[in-house]
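New page in the notebook. I want to look up the fold, the pockets and the surface, and jot things down as I go.

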Amino acid sequence: MIQVLFTVIFAEMVLIVLFIFKTPLRKLVIIGLDRVKRGRGPIVVKTTGGTIFIVMLSTLYSMVSIRKRWIDEDGNVTPTDQILMAQHLLEASLMGFSLFLVLMIDRLHNYIRELHMRRKSMEVVNKQNRGFEDGKNGASDEMKSLEEEASALRLKIKKLEATIEEKARIASDAEANVVALKKQSEHFRLENDDLLEDNKNLRDQLHSLDQRLSNSDSKKAS
């Protein structure tokens, strides 16, 4: 029994050392414990631990019984009782220590798994942050190109507005010239009408003079 307990304790100590130091074997140990904790593994472990705990309580009870017998016998201790007392004490100590190491292994296993999950989650968060930063940089580059395109379009719009204003000014000047030419043409037309009227009057006067001259000549001839 004692040899078995020593073997179990040394095996548990080796597992704890493998948990503490980061070696390739630690990953294998973690995978093995993960498989043990699945299915019926926890039930078997709890049953074994409960059995060891009950045996430890029985051993402690035997120690108390031996101690009471020593008191009842007024301190007369036989070598057999001393050997049994020492054996029971050693067995109880080894069983208690083995149970404590089992709890330590379980806590270390859970701690390492939790730490591994947190590292994975942090890696995922860092990847998301890098993706967000890359997208932000890409969006900033796109925004810069759009701003440059918008500034180029604004410059073109200003040039077109200046051209439109120049064309409008030229059209306004041309329209003013057309109005002036229309007024001048109307003035010339009125003057032409007056000249035509004067020419007609002069023709009428000349025609009347010609008739008078022809009438006077005819009278002289007669």
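Here are my entries, from the overall fold to the pockets and then the surface.

**Entry 1: the fold.** First a reminder to myself: this is a predicted model. I looked up the secondary structure and got four helices and zero strands. Going along the sequence, I can write the pattern down as α-α-α-α. I also checked burial: of the 222 residues in the protein, 14% count as buried.

**Entry 2: the largest pocket.** How much space lies in the largest pocket? I get about 740 Å³. Its lining has 24 residues, and I noted those closest to the centre: Val36, Val45, Lys46, Val102 and Asp106. The top contributor is α3, which gives eight residues to the lining of the largest pocket. I sorted that lining by type too, and it divides into 14 nonpolar, six polar and four charged residues.

**Entry 3: the second largest pocket.** I put the volume of this one at about 440 Å³. There are 15 lining residues here, and Arg26, Lys27, Ile30, Ile112 and His116 sit closest to the centre. For this lining, I found that α2 and α4 each supply at least two residues. Which helix gives the most to it? That is α4, with seven residues. By type, I have the lining of the second largest pocket down as six nonpolar, two polar and seven charged residues.

**Entry 4: a patch on the surface.** I turned to the outside and found a nonpolar patch formed by Phe6, Phe10, Met13, Leu90, Phe97, Phe100 and Met104. Together these residues have about 630 Å² of accessible area. Both α1 and α4 supply at least two residues of the patch, and the largest share, four residues, comes from α4.

**Entry 5: a look at Phe97.** I picked one member of the patch, Phe97, which is found in helix α4. Why does Phe97 count as partly exposed? Its relative accessibility is 38%. Buried would need under 20% and exposed over 50%, so a value in between is called partly exposed.

Key:
Residues numbered from 1 in each chain as written. Predicted model: local features only at pLDDT ≥ 70, side-chain atom pairs only at ≥ 80, totals over all residues. Heavy atoms only, no water. 1 Å grid on protein atoms, 1.4 Å probe; cavity = no way out; pocket = protein on both sides within 12 Å on 5 of 7 lines; lining within 4 Å. Points joined across faces, edges and corners; volume = space filled by probe spheres on them. Nonpolar A, V, L, I, M, F, W, Y, C, P; charged D, E, K, R; others polar. Patch = residues over 30% accessible without salt bridge, like charges linked within 9 Å, V, L, I, M, F, W, Y side chains within 5 Å. Areas by Shrake-Rupley, 256 points an atom, 1.4 Å probe, with all protein chains shown as cover. Salt bridge = Lys/Arg side-chain N within 4 Å of Asp/Glu carboxyl O. Buried < 20%, exposed > 50% of the residue type's maximum accessible area, 1.4 Å probe, protein only.
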